[in-house]
Number of protein chains: 6
Amino acid sequence: MRENKLKSIWQNGGGTVNGWLHIPSTWSAEVMASQGWDSLTIDMQHGLMGLETAIQMLQAISTTDVTPMVRVNWNEPGQIMRVLDAGAYGVICPMVDTREQCEAFVGACRYHPDGYRSLGPTRAMVYAGDDYAVNANKTVLALAMIETKTAMDNLEAIASVPGLDGFYIGPGDLSLSLFGKGVMDSETPEFLAAIDQILDAARRNNLIVGMHVASTDYGLKMIQRGLQFVSILSDTAFLRGAAKAAVTAMKTGVGQASGQRSAY
Amino acid sequence: MRENKLKSIWQNGGGTVNGWLHIPSTWSAEVMASQGWDSLTIDMQHGLMGLETAIQMLQAISTTDVTPMVRVNWNEPGQIMRVLDAGAYGVICPMVDTREQCEAFVGACRYHPDGYRSLGPTRAMVYAGDDYAVNANKTVLALAMIETKTAMDNLEAIASVPGLDGFYIGPGDLSLSLFGKGVMDSETPEFLAAIDQILDAARRNNLIVGMHVASTDYGLKMIQRGLQFVSILSDTAFLRGAAKAAVTAMKTGVGQASGQRSAY
Amino acid sequence: MRENKLKSIWQNGGGTVNGWLHIPSTWSAEVMASQGWDSLTIDMQHGLMGLETAIQMLQAISTTDVTPMVRVNWNEPGQIMRVLDAGAYGVICPMVDTREQCEAFVGACRYHPDGYRSLGPTRAMVYAGDDYAVNANKTVLALAMIETKTAMDNLEAIASVPGLDGFYIGPGDLSLSLFGKGVMDSETPEFLAAIDQILDAARRNNLIVGMHVASTDYGLKMIQRGLQFVSILSDTAFLRGAAKAAVTAMKTGVGQASGQRSAY
Amino acid sequence: MRENKLKSIWQNGGGTVNGWLHIPSTWSAEVMASQGWDSLTIDMQHGLMGLETAIQMLQAISTTDVTPMVRVNWNEPGQIMRVLDAGAYGVICPMVDTREQCEAFVGACRYHPDGYRSLGPTRAMVYAGDDYAVNANKTVLALAMIETKTAMDNLEAIASVPGLDGFYIGPGDLSLSLFGKGVMDSETPEFLAAIDQILDAARRNNLIVGMHVASTDYGLKMIQRGLQFVSILSDTAFLRGAAKAAVTAMKTGVGQASGQRSAY
Amino acid sequence: MRENKLKSIWQNGGGTVNGWLHIPSTWSAEVMASQGWDSLTIDMQHGLMGLETAIQMLQAISTTDVTPMVRVNWNEPGQIMRVLDAGAYGVICPMVDTREQCEAFVGACRYHPDGYRSLGPTRAMVYAGDDYAVNANKTVLALAMIETKTAMDNLEAIASVPGLDGFYIGPGDLSLSLFGKGVMDSETPEFLAAIDQILDAARRNNLIVGMHVASTDYGLKMIQRGLQFVSILSDTAFLRGAAKAAVTAMKTGVGQASGQRSAY
Amino acid sequence: MRENKLKSIWQNGGGTVNGWLHIPSTWSAEVMASQGWDSLTIDMQHGLMGLETAIQMLQAISTTDVTPMVRVNWNEPGQIMRVLDAGAYGVICPMVDTREQCEAFVGACRYHPDGYRSLGPTRAMVYAGDDYAVNANKTVLALAMIETKTAMDNLEAIASVPGLDGFYIGPGDLSLSLFGKGVMDSETPEFLAAIDQILDAARRNNLIVGMHVASTDYGLKMIQRGLQFVSILSDTAFLRGAAKAAVTAMKTGVGQASGQRSAY
């Protein structure tokens, strides 16, 4: 079975950089896949794609060796199993607040006897190899999002669910739930303490921790703080930011070199 | 009929900034439409969308008052008429090399007696108003691409075709055809002389001139040189550039603030 | 944040007319959006569209200032949140039978502390403005469908759920459940008594009431009876009715003027 | 090979009623196909669908025995052949102005030795039967649009092209070209004289004549005048008209019964 | 209402052959529908299609009289009702492990008073007829998948749920759950004993039994064993197998006649 | 630039096996790409896909190292350039009957000074590398179809067009044009003589020759006869053939082992 490169990197102590896909297009997915990310996550929660386009985007990512992941929109087994069958090598599940929810989530990612995933890895076998079914349980990542006060209260119970690979911090929802305002890249002591609490629970249970960030400098700080991976903004945010900068430069008369002046 | 804002700005001596769409997605189109461009052009030549998606992207642009345009993939009347019927307020036609080709192109954009466009502005009437058919000939832009040595040789003949609104310079193909290498943002005297030759022919025939550029500083120079509008890179180039910068920052450990740290 | 026009009209005592979309097409959605409806509802329960097309239809509606709503196919938080993130200004949830179900539904529509909606209003921010997240809870409509005997039995409990904006009556299912036969536009005393019971519960709890109708005369009666809005048939029913009439006219030799004889 | 019902009806002296599809949706196509039309034409010229959706709409029409036709957007052999391969039983070609253009059009519809259509009726064989290739030339309809003064001048030459089955009058373009204004359902003596001139040329050359109309009473007059078939408005026009009527009824307080009050 | 041919065949003691669709395409669906299957099942669990494509595939199947069915990806009422509204004449539900789950599933397939399906059979009425709503409960098939040890333990309780039409055996998951390895076409005594146990429970409760098989000889054995229908592989497996055989023949130099050498 | 493996194999005297795609699906394309073909050709002439799906299928093929090609539906420069920009490594052009047509075709495949292809290899650069533009002329295949008597008469003139890489024989059209009946896998002396005539012209002009065949044994004969590559049937034909065989086996009671009985 094709290895999960993320697991290999993490086991060697490295950190990984994850891209985030909101645009429902195989073309933007392929372009993103060519920029050097370790992994790409198709966001079926806050992104704009339906399932069928998500599957086609998994194909587009497979034109490279970038590890493909999906964030599902809710803790629903049918949906989780479909993206796994389509070849996702990791699933990020939002709003995992209790041990029971985490067990339901992880179970949906694992074949018997580790879980209750239904057998039928149609595209996954093409992507990963004929031995997919027997090796998937130990290859595919199950990452639970910690993004509410309830989850913080249940952190140890969630962390100890067998088969869980890691936590993924949703900083917007988490800060909204804990402190009443959804903020990205927060550096308040309270927020950083929450991060550390998550890191501690993770370490005790042999889990990795990832997080969404809105800038590379914050992302680097989080890697230094002990997280194993960060996701940087999204395709939409990149497009919006660069386009806005170009328009502003033209409208204010302060141009910028693009560094793309050379020949085709 | 809804006015063509580009024509108004140009008539007042202003220059306009045009965005360029390669991603086949209504979402990326809507995001681009919200960044302050004067116009957006759906590139059906080197972009990745088919006709039906292009039409849906015209709808997405219409959520704003950005002027929608389309570059067709070839000088084909059936295709030109379809994007006009779908509400494009301007058509950019590649590879217009002779007066006859220009007449065929402009004729496809104009109803009788100015041309041979077929009556049936299905979506255009929804977008522009019930009087579309009687006012379209003087509202919709027809822009011929000058991008070969042959076109340069026939510049005056092309420029004088009645109903033509302007030239659009394809710098890659033009430099390839004239000087043997496709280059963007060239500042060689020979290339700039070609630009000036096009500007001269345009002024004599009351045409505007646009051009594709790969950086805002070059774009500003071109506006100063006398062009009425420039297109800056493309959605794909913005996405690629910003994503690559983020990955590089993370991989080299030199982070950047994103300026997007605030609350939702 | 862009205001919710429906709320403004209702607060001023007015009634609104809602169109209903079953055809999975951005074109039919844009055509409907241009006919003067106060709001349009994309029906993801009995309509034919998947999620991705529904999102594109929300974009098509946004070419006008018609208020966009979605009926979800079931009381599922993942689905409810996705259509809100895509810019729906109201969600109609079918088969809300108990207070618990209503709390789950309303909670999915509201950010902390009013509910458990996850933060990430990707398209909603483009549609509504940058302050979407802080104002969405009081702007977005949550409408619970009353369409079973169980719901009638729990009417007061459902009505008193904090954050609920109104009831939406499903007359087909309600008459089937109450009286054994699914009927539209019923004027039996029993059915009208049920309507009045719903109206009473709504008034006591400061809720508005909407309903699906199959004719404009019945719709007008319902507005007079005290409902705040009605939905008239659907795009499919309009298409079917008008096409059938045209075919019948031709086949029977009894033509009708279309009133569309004028020039383009 | 499945017979072409239109040919049979016409040979028996009957007239046929044709529906017109602008909405790019298999659902609206299937709904239209269930209303009793003799034939349905997918309009790839002024409609909103791309080729792939057009093919799927041909499938949707094939759920009934309505005869499927396509209007192509231009006299292009590649496009004409594709819709025939997809199972269209008739092609309407716009803007046929000369005998040469008509020969090119008809040739694209016919296999050797009657034309130059390429062999490969992929879906047509599924729809029509295994003997499609040997019988298609005499089954599939080729209808040339007469819609310009040039075409009127060349009427006899166009009419006498071997293999042509009929004329299709585009009244908007024809009146625009002849009289300077695009009008539907015109009853001016000049316009009616042009119709009669087309009918005469058709009769002399054993062709049928069809036409687009905007009302059933005008359509009936045209059948009485000698035309073999008429197309009534379009799916979009039906949807728009019925929706507008419903909104107006509600807004003015003058309701209408829908006649659809009965049970599901 | 259009009859359910499968029920008729089974009532007469016959067995049926079911095709299985994984490819998200109306074209492959139509091709499959033309090969003589009694029924075709669109697999929304392990297949690659989203809901909207599944609906279009139901249309493609409706170009023939093959009975259309859908396997949903999970026991979710919203999803089950949508495919029924779209015209599926049978629903196969995975992972039905308990009586409660079976009741929830069957209830979603049945209108009041037999269940809680919401009224609104939009496409089903076009496919089946205007009396769909009153006859659907006794026409549409509800088939519960037996594919876990838990289900085997609860077999009698599941079988006795009123309104259930039959069992569908998922041999891969069942053998994985019972014997630790997912195997198709198993002929071990233990597996065959499980089949017989399911057949017994079915007979006692007047249910039919279907199963997925990977070869026609095994399929025939299962029909002989007492099953009412079998599904043979899938469109993907057929494509893969035939393509691989052709490549192998060419690469090894051992060609095969295709039996398709005759004229078009 | 990524090499064109076909050219390498042919230069070493090898023959290649080409698969043929008619199904408009990225999934069937990816499945086909995993079966060992040297190349796959997306057939935009007799296949069912539009341009946008064809581009997505090129992405799906790029998950493997199979060489991607496209058959365009006609000798149209706009269309030819689009599939090349999308990353096709070869274009097969139908109905090339004269030297002028061949020059137009080859010119559309080549950048200045070898042709008039427009610069903008949007996806091709992602697929092939940043040096695509300078190396494409010598990497991308231009294959002209010989399928009419006219083409046979002009064979030498067509063959000598600079930049042409080879002939592709369309046996159905060619036999129809030469002998009045479209036949696949013909072994009549007259047909084989035509093949040899094409082979001779090819050898004299350093061209390769390919052909469509309907069986592997005929394909092997053609390779032995001197052709460099053959295309075997199509995805649709494989699907149809295997499905029909399975249904027949079940209906006749003569089962076949599938050879796929092993574990997942």
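Does D185(C) count as buried or exposed, and how many C-beta neighbours lie inside 10 Å of it? D185(C) counts as buried, with 21 C-beta neighbours inside 10 Å. The cut-offs are 20 or more other C-beta atoms within 10 Å of a residue's own for buried, 12 or fewer for exposed, and partly exposed in between, with C-beta atoms placed from the backbone.

This is a predicted model: local features need pLDDT of at least 70, side-chain atom pairs count only at pLDDT 80 or more, and totals for chains, interfaces and linings use all residues. Residues are numbered from 1 along each chain as its sequence is written, while chains are lettered from A and ligands numbered from 1 in the order in which they are written.

**Chain A overall**

- Chain A holds 13 helices and eight strands; these are DSSP runs, helices being H or I of at least four residues and strands E of at least two, numbered from the N terminus.
- The radius of gyration of chain A is 19 Å, close to the 18 Å of the globule rule for 264 residues, so chain A is as compact as a globular protein of that length. The radius is taken over C-alpha atoms, and the rule is 2.2 Å times the number of residues to the power 0.38.
- Along the principal axes, the C-alpha atoms of chain A fill a box of roughly 65 × 45 × 35 Å.
- Of the 264 residues in chain A, 68% are buried.
- Among contacts in chain A with a separation of 6 or more, 62% are between residues 24 or more positions apart. Contact requires C-beta atoms, placed from the backbone, within 7 Å.

**Chains B and C**

- Chain B superposes on chain C by a rotation of 180° with 0.0 Å of shift along the axis, at an RMSD of 0.0 Å. Superposition is by least squares on the C-alpha atoms of residues with pLDDT of at least 70 in both copies.
- T63(B) comes closest to the rotation axis of the residues of chain B, its C-alpha lying at 2.1 Å.
- The same surface serves both copies, as 100% of the contact residues of chain B recur in chain C.
- The interface pairs 13 residues of chain B with 13 residues of chain C.
- On the chain B side, α2 (26-33) and α3 (51-61) each supply at least two residues.
- That side of chain B divides into six nonpolar, six polar and one charged residue. Nonpolar covers Ala, Val, Leu, Ile, Met, Phe, Trp, Tyr, Cys and Pro; charged covers Asp, Glu, Lys and Arg; the others, Gly among them, are polar.

**Helix α5 of chain C**

- In α5 (residues 99-109) of chain C, the buried residues are C102(C), F105(C), V106(C), G107(C), A108(C) and C109(C).
- Their cover includes α4 (77-85), β4 (90-93), β5 (141-146) and α9 (155-159) of chain C.

**Backbone exceptions**

- Most residues other than glycine have a negative phi, and most peptide bonds are trans.
- D185(C), not a glycine, has a positive phi of about 55°. D185(C) sits in the loop between α10 (171-179) and α11 (189-204) of chain C.
- L233(F), also not a glycine, has a positive phi of about 45°. L233(F) lies in the loop between β8 (229-232) and α13 (235-252) of chain F, and counts as buried with 24 C-beta neighbours inside 10 Å.
- H112(B) and P113(B) are joined by a cis peptide bond, omega about 5°. P113(B) is in the loop between α5 (99-109) and α6 (122-128) of chain B.

Methods. Two residues are in contact if their C-beta atoms, placed from the backbone, lie within 7 Å.
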